[in-house]
Structure formats: C-alpha cells, structure tokens
Amino acid sequence: MDRITSAQVFVAIAERGSMIAAAEVLDMSRAMVTRYLAQMEDWAGARLLHRSTRRLSLTDAGERTLARCRAMLELADAIEVGPSDEADTPRGLLRITCSQSLAQAALAGAVSEYLRRYPHTSVDLQVNNRAVNLVEQRIDLALRITNALEPNLIARQLGNCASVVCAAPAYLAARGTPLRAEDLAGHNCLTYTYFGKSLWQFSYRGETLSVPVSGNLSANEDLVLLAATVEGAGVSLQPLYSAAPLIAAGKLVALLPEHLPQQMGIHGIYTSRQHMPPALRAMLDHLLAWFAGHPSWLAHGAGRG
C-alpha cells in the first residue's frame with residue numbers, strides 16, 4: 001500500500017482523534033482508514049494507538065511515528081510536480097472488475113473507446129460475479145448494478161439500467177401468459193442470487209408494487225438465467241440490454257407492459273477520492289458520458305409488443 005497515503009491517514013487519525021473523523025476529512029471509507037492504519041503499524045512494527053471507547057491516543061511508538069510521518073509529508077509536499085498538462089494526462093494501468101453481462105454489453109465497447117482516446121493507458125478487465133475486496137485484489141474500479149450499496153463504500157453513479165420481465169413463447173404456450181404482476185405467483189420464476197431472489201418490485205400506475213416470486217432455478221449470473229429463459233425454463237427479470245435483442249428476434253416475449261420493473265443504478269466503486277489518478281478520473285467521466293449516450297439502457301418500452 002502507498003506509504004504516503006498511509007502517513008496521511010495516520011496523521012489525520014492523530015489530529016482528529018478518531019478513525020471516523022479521519023475518514024470524513026480524507027473522504028475515505030472507514031474500512032480503508034482501518035487498513036491503512038494496520039499497514040502503518042506493520043511497517044512500524046509496533047502498536048501506534050491506544051484504543052478506548054471515547055478517544056484514540058498515541059502510544060510512545062505512535063508519537064515517534066507521527067513525527068516521522070509529518071516529516072515525510074512535508075518532504076512530499078516540497079517535491080516539484082512537472083507541468084500540469086503532463087501531470088493530468090491519463091496514463092498507466094487500470095484494473096476494473098464487473099459482471100460478465102455488463103462486460104459484454106457495455107465495457108467492451110466503452111473501454112475500447114477509452115483506450116483509443118487515451119493511448120498512454122491500459123486496462124485489465126476482470127470479469128467476476130461476486131463483490132471483491134478492492135484493496136486486496138488491487139482493483140481500481142468495480143462496476144455494480146444495484147440499489148443497495150454498502151454505506152461505507154465510495155461510489156459514483158454512472159447511469160441507470162432498465163429491466164424487463166420475459167419468457168419464451170414455448171413456456172407461455174404451456175403455462176399461460178401472466179397479465180398482472182400478481183399472476184407471477186403461479187409461474188416458475190427464475191431468480192438472480194444477489195437481487196430480487198424472492199421479491200420483484202414494479203411501478204404500476206404511479207404506485208410501487210412488490211410481488212413475491214419463487215422458482216426452481218436461481219443463479220449468480222444473469223446470462224445463465226437468460227439462456228434458461230430462452231430454453232423455456234420459466235419467467236425471468238432481465239436487464240433490458242441483455243433481453244432486448246432476443247425479444248426483437250422473437251425468442252423471448254416481454255411481459256406485463258404496464259408494470260415497470262424497478263430501475264437499477266450503475267455504480268462505479270473505488271477506494272478514495274483523494275489523489276485520484278487521472279486515468280481513473282478520466283475513466284469515470286468517460287463511462288458517465290457513455291451511459292448517457294446510450295439511452296436504450298433506460299428505455300423500459302424497448303422491445304415490447
């Protein structure tokens with residue numbers, strides 16, 4: 001981990017008297033502050049703080065380390081930075097993680113555009129369907145589609161994602177077509193492990209409607225559920241970007257046109273806003289513009305009929 005940032009964190013804790021206050025002034029998550037403090041104690045080879053229920057205080061080793069950290073930060077501040085245009089030029093490697101469906105539908109194209117625009121950068125895209133520890137995995141940016149972010153995460157909303165309820169013609173021929181959201185209780189609903197596993201939410205005539213659902217198949221990747229839906233296994237709630245081409249091709253049928261599924265936020269998650277590398281800042285701005293320029297992600301009615 002970065003020693004300069006660790007020193008900044010330790011000084012902030014010492015001056016503010018708590019890790020929560022340090023997190024606020026540094027605009028970091030509390031978990032990140034805790035990790036930087038643990039790393040500083042590892043480097044110092046000693047416990048640096050007395051922890052009590054009221055306030056943190058420095059150990060003898062902490063007093064000595066605080067003086068060294070302040071000297072280090074003064075030296076770092078004295079180092080001359082090159083021309084601002086060069087310093088602000090995006091360059092270097094970005095490690096990004098997201099789900100397989102999001103990587104295929106958005107990141108492949110968006111990242112390609114980014115790399116053409118910023119030729120001094122490179123991207124390592126890690127496709128993963130589970131939440132990862134950004135610090136331990138050395139991830140610069142995690143992209144998640146969710147409305148339930150953990151409160152200690154630092155995130156920027158980059159766009160929104162519409163969903164659609166759909167099923168294969170063969171399934172509907174055998175089981176009938178649900179005409180109301182409540183009818184889903186009588187159908188085999190294929191569910192996503194991390195979202196809406198037992199409850200699907202809709203907006204119907206200006207009101208929010210929550211519908212209990214159940215079925216014999218759940219998965220942690222929506223592409224698996226999409227393939228099973230095409231095979232006639234049941235009804236599923238799919239991201240519109242995945243289902244729309246299959247609906248247009250007649251392989252799936254969009255259901256419940258008056259019921260709009262809950263819209264999800266597309267979030268970019270990272271470790272700190274302090275000293276953000278130009279490449280990461282440029283990527284966040286680029287993705288924000290990319291999603292804004294692709295309104296089909298928001299078009300609930302696309303592919304219906």
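Modeller: Happy to. One term first: a crossing is left-handed if the near helix is turned anticlockwise from the far one by less than a right angle, and right-handed if clockwise. Please keep in mind that this is a predicted model, where local features need pLDDT of at least 70, side-chain atom pairs count only at pLDDT 80 or more, and totals for chains, interfaces and linings use all residues. Residues are numbered from 1 along each chain as its sequence is written, and side-chain values use heavy atoms, with hydrogens and water left out.

Let's start with H1, residues 3-16, and H2, residues 19-26. Helices here are DSSP runs (H or I, at least four residues), numbered from the N terminus. Two packed helices are described by the angle between their axes and the distance between the axes. For H1 and H2 the angle is about 125° and the axes are 8 Å apart; an axis is a line fitted to C-alpha atoms over the stretch in contact, and angles run from 0 to 180 degrees between N-to-C directions. H1 and H2 are therefore oblique to each other, given that angles under 35 degrees count as roughly parallel, over 145 as roughly antiparallel, 65 to 115 as roughly perpendicular and the rest as oblique. Their crossing is right-handed.

Which residues meet there? H1 brings Gln8, Val9, Ala12, Ile13 and Arg16, while H2 brings Met19, Ala21, Ala22, Val25 and Leu26; contact means heavy atoms within 4.5 Å. That makes 8 nonpolar residues, 1 polar and 1 charged, where Ala, Val, Leu, Ile, Met, Phe, Trp, Tyr, Cys and Pro count as nonpolar, Asp, Glu, Lys and Arg as charged, and the others, Gly among them, as polar.

Next comes H3, residues 30-44, whose axis comes within 9 Å of that of H2 and crosses it at roughly 110°. By that angle, H2 and H3 are therefore roughly perpendicular. From H2, Met19, Ile20 and Ala23 meet Arg30, Val33, Thr34 and Leu37 of H3. By class, this contact has 5 nonpolar residues, 1 polar and 1 charged.

On the H1 side you can pick out Arg3, Thr5, Ser6, Ala7, Val9, Phe10 and Ile13, and on the H3 side Val33, Tyr36, Leu37, Met40 and Trp43. This contact divides into 9 nonpolar, 2 polar and 1 charged residues.

Finally, look at aspartate 2, in the segment before H1. Methionine 40 is 38 residues from aspartate 2 along the chain, yet their C-alpha atoms are separated by 9.9 Å.

Note on methods:
Helix = DSSP H or I, 4+ residues; strand = E, 2+ residues; numbered from the N terminus.
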